[in-house]
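Below is a briefing on a single structure, written to be read next to the sequence and the coordinates.

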Amino acid sequence: MPELPEVEHVVRALRPVVVGRTIVASDIELPKLIAPTSVASFKRQITGSKITGVSRRGKFILIQCQTPMRRNGSASHAHRRNAAALPARRAKRGASLILAVHLRMTGKFLYLSIDDELPKHSHAIFYLDNERRLVFRDQRKFGVMKLFPAAELPDTKGIHELAPEPFGDEFSVDYFRETLSRSRRTLKTLLLDQNKVLGLGNIYAAEALFRARINPFATASSVTRPRAARLHTAIQDVLRFAVEHITGSIKLEEGFSYGEAFESFWQVYDREGEPCVKCAAKIRRVTHGGRSTYWCPRCQRR
DNA sequence: ACCCTCACCTGCACGC
DNA sequence: TGCGTGCAGGTGAGGG
């Protein structure tokens with residue numbers, strides 16, 4: 001159930017095992033996973049393409065693929081357009097595609113050998129040229145996959161609106177303060193808006209607010225400069241800590257696990273009624289819109 | 001632009 | 001044992 005650190009972990013785990021591999025065949029068991037693209041079109045485009053890179057934008061996993069040179073009329077429309085627009089030598093290499101994957105709540109990648117049994121909820125299977133399968137499974141079926149020409153990445157809906165990466169220069173204290181000052185929503189809500197602050201989910205938002213000692217229900221625009229700076233630091237610290245401590249291999253089981261350091265890492269999330277680690281007050285929880293917010297009523301008074 | 005509710009799905013833990 | 005309820009780390013649509 002991934003927030004940015006979990007997605008980053010998946011990217012790092014995928015990269016060494018799939019980059020350089022060619023997808024020789026695929027099965028899509030759940031057409032809505034790739035909608036509105038049809039299964040036939042998806043397979044036609046992806047089959048034979050070589051995975052050239054795996055990266056991340058926010059919580060999207062971006063798998064770069066290079067389609068092979070096509071001989072005749074079997075070329076895709078995108079390829080044909082490129083062939084017309086670009087020099088012949090470039091066109092011969094085929095099209096550059098991106099498979100953007102969002103895991104949502106329960107999406108996972110598995111890297112299986114050919115005789116490993118497919119687990120339940122395996123919705124997409126990519127057969128690689130080394131007798132292995134890259135499997136996407138997703139119990140709740142919320143995950144999405146989208147295949148499009150690499151050139152369209154900057155314009156892709158859902159991606160181009162995303163806020164700057166939390167570890168990039170663009171996500172500065174100034175940017176953060178500006179963003180807060182323009183919103184009258186509560187901090188908790190704002191921190192979950194991927195177009196404003198990128199990478200947090202329900203857990204890390206709660207943890208960042210706790211570390212910054214700021215009330216989740218404070219109005220964003222009313223947060224003082226020093227508090228905004230504190231929260232900015234807390235966001236980066238929380239995400240960085242998680243990225244550094246998530247462990248586990250996609251070769252074996254379900255994506256990732258948390259190292260021992262995590263034992264004491266979640267200080268408020270899922271700890272309703274337990275004593276605050278700093279002041280021993282009882283951690284509180286409220287739900288709105290089906291989502292829980294956890295906080296310490298004493299440390300995060302306002 | 002915002003807020004709220006609902007929707008998308010399955011499974012698990014809980015209380016009776 | 002079962003059954004009903006609420007909850008789950010994400011996001012988007014639709015109405016106000």
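Ala 280 is exposed, because 10 other C-beta atoms lie within 10 Å of its own; a residue counts as exposed at 12 or fewer such neighbours, as buried at 20 or more and as partly exposed in between, with C-beta atoms placed from the backbone. The model is a predicted one, in which local features need pLDDT of at least 70 and side-chain atom pairs count only at pLDDT 80 or more, while totals for chains, interfaces and linings use all residues. Residues are numbered from 1 along each chain as its sequence is written, and chains are lettered from A and ligands numbered from 1 in the order in which they are written.

- Ala 280, which is found in the loop between β10 and β11, has a positive phi of about 70° although it is not a glycine.
- Asp 270 lies in the loop between β10 (257–258) and β11 (284–288), and its phi is also a positive value, near 60°, in a residue other than glycine.
- Asp 270 counts as partly exposed, because it has 13 C-beta neighbours inside 10 Å.
- The peptide bond from Ala 35 to Pro 36 is cis, with omega near 5°, and Pro 36 has its place in the loop between β1 and α2.
- As background to these points, most residues other than glycine have a negative phi, and most peptide bonds are trans.

**Chain A as a whole**

- The secondary structure of chain A comes to eight helices and 12 strands, where helices (H or I, at least four residues) and strands (E, at least two) are DSSP runs, numbered from the N terminus.
- Of the 302 residues in chain A, 35% are buried.
- Among contacts in chain A between residues at least 6 apart in sequence, 65% join residues at least 24 apart, a contact being a pair of residues whose C-beta atoms, placed from the backbone, lie within 7 Å.

**The sheet β1-β6-β7-β5**

- Four strands form an open sheet in the order β1-β6-β7-β5 with antiparallel pairing, two strands being paired if DSSP finds at least two bridges between them.
- The edge strands of this sheet are β1 and β5 (107–113), each of which pairs on one side only.
- Neighbouring strands of this sheet are turned by 15° against each other on average, direction ignored; axes are lines fitted to C-alpha atoms, for helices over the stretch in contact, and angles run from 0 to 180 degrees between N-to-C directions.
- Five bridges pair β1 with β6 (residues 122–128) in the antiparallel sense, and Ala 25 stands opposite Tyr 127 in β6.

**The sheet β2-β3-β4-β8**

- A further open sheet has four strands in the order β2-β3-β4-β8, again with antiparallel pairing.
- β2 (50–57) and β8 stand at the edges with a single partner strand each, so one side of each is left without a neighbour in the sheet.
- On average, and with direction ignored, neighbouring strands here are turned by 20° against each other.
- β2 and β3 pair in the antiparallel sense over seven bridges, and they form a hairpin with two residues between them, where Gly 58 in the turn has a positive phi of about 60°.
- The bridge partner of Arg 56 is Ile 61 in β3, while that of Leu 62 is Ala 100 in β4.
- Helix α1 (residues 4–18) lies across β2 and β3 and runs at about 165° to β2.

**Helices with a buried face**

- In α2 (residues 39–46), Phe 42, Gln 45 and Ile 46 are buried.
- Seen down the axis of α2, these buried residues fall within an arc of 85°, so they line one face of the helix; the arc is that of the directions from the helix axis to the C-beta atoms.
- What covers the buried residues of α2 includes β1 (23–28), β3 (60–66), β4 (96–102) and β8 (144–149).
- In α5 (residues 173–181), Phe 176, Thr 179 and Leu 180 are buried, and they cover an arc of only 100° around the axis, which puts them on the same side of α5.
- Asp 174 and Glu 178 are exposed on the other side of α5, whereas its buried residues pack against α8 (225–245).

**Surroundings of DNA strand B**

- 13 residues surround DNA strand B, and the closest are Arg 140, Lys 141, Ser 183, Arg 185 and Gly 289; a residue is near a molecule or strand if its C-beta atom, placed from the backbone, lies within 6 Å of it.
- By class, the surface near DNA strand B has one nonpolar, six polar and six charged residues, where Ala, Val, Leu, Ile, Met, Phe, Trp, Tyr, Cys and Pro count as nonpolar, Asp, Glu, Lys and Arg as charged, and the others, Gly among them, as polar.

Methods. Two residues are in contact if their C-beta atoms, placed from the backbone, lie within 7 Å.
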